[in-house]
Amino acid sequence: MTEDLEFFERAVDAVRSANTYGLLDHERQVLVIEVLTGYSGSKLVGALQRLCRLFQDDDSACYLEIGVFQGLTLNSVASANPELPCFGVDNFAFFDPKHENM
């Protein structure tokens, strides 16, 4: 029970930190943002980066993103957590009404 509470407190701290500071390693992330676009703000991406960092020592953990668009969030999380396996899944149908990207 104590471990669960400690983990929950660390998760809350990660979200608060993201709300205050945004992205981890901001200078490097700016390079990613200049190339890729997406719908996630820097606070959301920062929260995902920090929450995934909580699992960096768990060999059974991974980050899975469904719907990657151009990969901004996926690449930002992966670059901030190089030891955590990160996977993205997308069929690219949302922005493909003519079905040209299948």
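Guide: A patch is made of residues with over 30% relative accessible area and no salt bridge; nonpolar side chains (Val, Leu, Ile, Met, Phe, Trp, Tyr) are joined within 5 Å, like charges within 9 Å. Areas come from the Shrake-Rupley method with a 1.4 Å probe, only the protein chains shown counting as cover for residues. A salt bridge puts a Lys or Arg side-chain nitrogen within 4 Å of an Asp or Glu carboxyl oxygen. This model is predicted: local features need pLDDT of at least 70, side-chain atom pairs 80 or more, while totals for chains, interfaces and linings use all residues. Numbering starts from 1 along each chain, and side-chain values use heavy atoms, without hydrogens or water.

Visitor: Which residues make the nonpolar surface patch?

Guide: Leu-64, Ile-66, Phe-87 and Val-89, covering about 410 Å².

Visitor: And which strands supply the patch?

Guide: S1 (63-66) and S2 (86-89) give at least two residues each; Leu-64 sits in S1. Strands are DSSP runs of E, at least two residues, and helices of H or I, at least four, numbered from the N terminus.

Visitor: New topic. How do the axes of H1 and H3 cross?

Guide: At roughly 145°, with the axes of H1 (residues 2-21) and H3 (residues 42-53) coming within 8 Å. Axes are fitted to C-alpha atoms over the stretch in contact, and angles between N-to-C directions run from 0 to 180 degrees.

Visitor: Which residues in H3 does H1 meet?

Guide: Lys-43, Gly-46, Ala-47, Arg-50 and Leu-51. Among those on the H1 side are Ala-11, Val-15 and Tyr-21. Contact means heavy atoms within 4.5 Å.

Visitor: Where does Leu-54 lie?

Guide: In the loop between H3 and S1. Leaving aside neighbours within four places in sequence, Leu-54 contacts Phe-7, Arg-10 and Ala-11. From Leu-54 to Phe-7 is 47 residues in sequence and 8.2 Å, C-alpha to C-alpha.
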